[in-house]
Amino acid sequence: MLDFSLTEEQIAVRDMVRDFVDKEILPYIKEWDENHHFERSVLDKLAKLGLMGVCIPQAYGGAGMDYNTLALVCEELERGDTAFRTAVSVHTGLNSMTLLQWGTEEQKQKYLVPQAKGEKLGAFGLTEPGAGSDVASMQTTAVRDGKGYRLNGSKIWISLADVADHFLVFAYTDKSKKHHGITAFIVERTWEGFSSRPIKGKLGIRAGNTGEIIFEDLWVPEENRLGEEGEGFKIAMSALDNGRFTVAAGACGTIQACLEASLKYSHERETFGKEIGRHQLVQQMIAKMAANLEISRLLVWKAGWLKNQGQRCTREVSLAKWVACDAAWEAASDAVQIHGAYGYSNEYPVERYLRNAKAPVIYEGTREIHTIMQAEYALRYREDKPLNKMLPSWPFEVDGERE
């Protein structure tokens, strides 16, 4: 039986985040964007609302809600600005959900609990200057040193690089094994040998913090290894399943914002004696936005439903990310077109939507990577198997009972 209705709880959370965005982000985002300013207090306020660990079990400090509620949060945040959805994607999707799936009980208590409460921020370090889509090209190494590892290397394009407390980092422990020689580690900012620096001059997401993190003979204790040696690639890919899910959900927020702005302007602006919304080519662009919003949401919600069932959904998440991000980019371009010359200036928000919409088409798997993935699934060259550790199904269980 199919049911596409939202629960009362989901509607309440969606409306709460929408109200939060209207009051705490939209009045200030133009200034933050122009000044390349990351407003850290926004995340503190989200933490007070229980939204930094919305889909983490209550037993680990989270709100215990389902994975589609996380999608709703991300959509509404990106309606305000991509920067704050990105922060939640990285903190919750890439880091905290990965700890929930792969972490030991000790690691969950030490790192996941404060992150779910929003007391600490988590980030994710996979991409390197010479290793993006080709993960096996990474140069960062972790060499055994006593009861731990000596970490050397760097990661780039890291969201929250200058503000996060904990980093999930991937390095080679045996480069001869390629993908099977990558291992995951939990790294703390305060450790000796850790440093970060911001990236300036970004096209979009200017209100977000993005940078490079560097490891110089940084010693990581063995208890901070996530999973076993050589499991890092599997862990990274499962983390990307969660991150891509939140990116796709956020893209729906961009489409929604573009649609709202375009509808408003189409009623306000008149040409040739009538509202521009009466012109059929304007209607065509608006119709595409409306259709793509519905398509993208359904793809996201299907992936979220599979996550709630405890099923692996790499194919579905990839499809949602690819389709939704491309649709958001197209919606932003059309929104600028509808606004005409005004869309080319920051008098209206649509130019910011266009700048912001480009990055998600690139990060967490370029559109080209996802195109190849979907073709390989269709051709049956690619098949996903259950992992030895799966993300827990929802409702969550504690000692055999539902939360």
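Begin with the largest cavity, whose volume is about 140 Å³. A cavity here is a set of points, on a 1 Å grid over the protein atoms alone, where a 1.4 Å probe fits but cannot get out; grid points are joined across faces, edges and corners, and the volume is the space filled by probe spheres set on the points. The model is predicted: local features need pLDDT of at least 70 and side-chain atom pairs count only at pLDDT 80 or more, while totals for chains, interfaces and linings use all residues. Residues are numbered from 1 along each chain as its sequence is written, and side-chain values use heavy atoms, with hydrogens and water left out.

Select Lys-307, Gln-311, Arg-312, Met-390 and Leu-391, which are the closest to the centre of the largest cavity among its 13 lining residues; a lining residue has an atom within 4 Å of a point. By class, this lining holds 4 nonpolar, 6 polar and 3 charged residues. Here Ala, Val, Leu, Ile, Met, Phe, Trp, Tyr, Cys and Pro count as nonpolar, Asp, Glu, Lys and Arg as charged, and the others, Gly among them, as polar. Helix α7 (residues 232–268) gives the largest share of the lining, 3 residues; helices are DSSP runs (H or I, at least four residues), numbered from the N terminus.

The whole structure has 3 cavities of 30 Å³ or more.

Next, display α10 itself. After α10, select Glu-364, whose phi is positive, near 55°.

Finally, turn to the cysteines. How many disulfides are there? The count is 0, a disulfide being a pair of cysteine sulfur atoms within 2.5 Å. Cys-74 is buried at 0% relative accessible area, and its sulfur is too far for a bond because the closest cysteine sulfur, in Cys-55, is 8.5 Å away. Cys-313 is also buried, at 2% relative accessibility; its sulfur lies 12 Å from the closest cysteine sulfur, in Cys-55, again too far for a bond.

Conventions: On a 1 Å grid over the protein atoms alone, a cavity is a set of points where a 1.4 Å probe fits but cannot get out, and a pocket is an open set with protein on both sides within 12 Å along at least five of seven lines; lining residues have an atom within 4 Å of a point. Helices (H or I, at least four residues) and strands (E, at least two) are DSSP runs, numbered from the N terminus. Buried means under 20% relative accessible area, exposed over 50%, partly exposed in between (1.4 Å probe, protein chains only).
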